[in-house]
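Work through the exercises below with the model open. Try each task before reading its solution.

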Amino acid sequence: MKKVFQNTSEVVHVFAQQSQWQGTNQTRSIYFYDNKIYSYGSHYLLGEFINDETIIINDFGYSVTTSKHISELINATSQYNQFYTSSIDIKCVETEINYNIKKLSKAKKPEIYISNITKLESNLSKWVDYCKANKVTHKYKVNKSNYKYKKIVKIANSLLTAETIEKLKAKGKKDAIKQKAKEKRELKIKLDKFNTYKIDRFKIGEFDYLRLSQNGQFVETSQNIRIEKSDAERLYFSIKNNFNIIGNKIGHYTVNKIDNKALTVGCHKICINSVKKVGELISK
């Protein structure tokens with residue numbers, strides 16, 4: 001069993017597969033044992049699986065590098081239920097809500113802070129419901145009867161007047177349009193940089209992308225994962241000939257799904273046009 005991997009991305013993706021109990025990168029800046037993964041030592045628990053389908057991610061980053069580890073873990077485990085410590089630690093949620101309430105009293109655009117408060121309550125409530133439905137015994141478990149939780153729900157509900165709800169809906173639609181336009185611009189820039197080897201990883205929108213490595217020996221993903229070219233060739237041959245590839249292994253990863261939009265392998269949802277483009281390139 002391989003235990004030392006070439007980079008952080010490989011470590012978090014192998015951890016996400018839950019197929020082996022131990023792994024690290026070469027500098028041991030990130031490593032995992034069993035269901036827990038750490039950043040720069042056992043003092044910082046980066047994430048832990050609480051069952052086969054759910055992970056808690058510690059999104060309180062102490063440094064730029066740890067923040068990058070958090071981002072990579074979020075992307076690598078996107079196929080699971082994800083909860084974040086900032087959203088389920090009731091003390092932190094309460095503190096953040098109190099901060100937004102203070103800002104709200106003097107705000108020219110109160111819907112911004114109302115939106116923040118209701119999102120905090122909504123995310124915490126999802127965790128509370130999940131704990132009850134799945135009989136979770138974690139230290140962050142919160143019961144519906146918890147005094148602080150009931151107070152948070154009461155605050156959020158008191159802010160949601162009919163007028164406020166309409167304003168929040170309008171704001172949400174406006175923000176979504178802006179975000180879509182922004183992602184379209186950024187995607188073009190990032191793809192150009194990725195395909196010209198100026199960057200090794202990026203995540204914009206729902207899809208991931210592929211390229212042939214500079215030395216021509218690997219197929220690389222926009223999540224900075226490398227697959228042997230020969231493995232990729234075999235998989236593309238199967239795809240092109242309409243073979244059933246669900247459950248097939250490629251490297252450390254398992255094929256979950258393929259349709260006319262994407263090839264899903266673990267956490268990767270790879271744009272099908274990118275699959276075809278690189279597939280034809282390596283098949284020549």
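**Exercise 1.** Which backbone oxygen does the side chain of Gln20 reach at 2.7 Å?

Solution. This is a predicted model. Start by placing the residue: Gln20 sits in the loop between helix H1 (8-17) and strand E2 (22-25). Then follow its side chain. At 2.7 Å it reaches the backbone oxygen of Gln22. Next, look for another backbone oxygen. That of Lys2 lies 2.8 Å from a polar atom of the Gln20 side chain.

**Exercise 2.** Classify Gln20: buried or exposed? Then list what Gln20 touches.

Solution. Take the relative accessibility of Gln20, 12%. Buried means under 20%, so Gln20 counts as buried. Now set aside residues up to four places away in sequence. Gln20 then touches Met1, Lys2, Lys3, Phe5, Val14 and Phe32.

**Exercise 3.** Where in the protein is confidence lowest, and where is it highest?

Solution. Begin with the whole chain. The protein averages a pLDDT of 93, and 100% of the residues score at least 70. Then go by element. Helix H7 (residues 162-195) is lowest, at a mean of 89. Strand E6 (residues 54-57) is highest, at 98.

Methods:
Residues are numbered from 1 along each chain as its sequence is written. This is a predicted model: local features need pLDDT of at least 70, side-chain atom pairs count only at pLDDT 80 or more; totals for chains, interfaces and linings use all residues. Side-chain values use heavy atoms; hydrogens and water are left out. pLDDT is the predictor's confidence in each residue, from 0 to 100. Helices (H or I, at least four residues) and strands (E, at least two) are DSSP runs, numbered from the N terminus. Buried means under 20% relative accessible area, exposed over 50%, partly exposed in between (1.4 Å probe, protein chains only). A polar contact is a pair of N or O atoms within 3.5 Å; within protein, one must be able to donate a hydrogen and the other to accept it, and residues adjacent in sequence count only if both atoms are side-chain atoms. Contact means heavy atoms within 4.5 Å.
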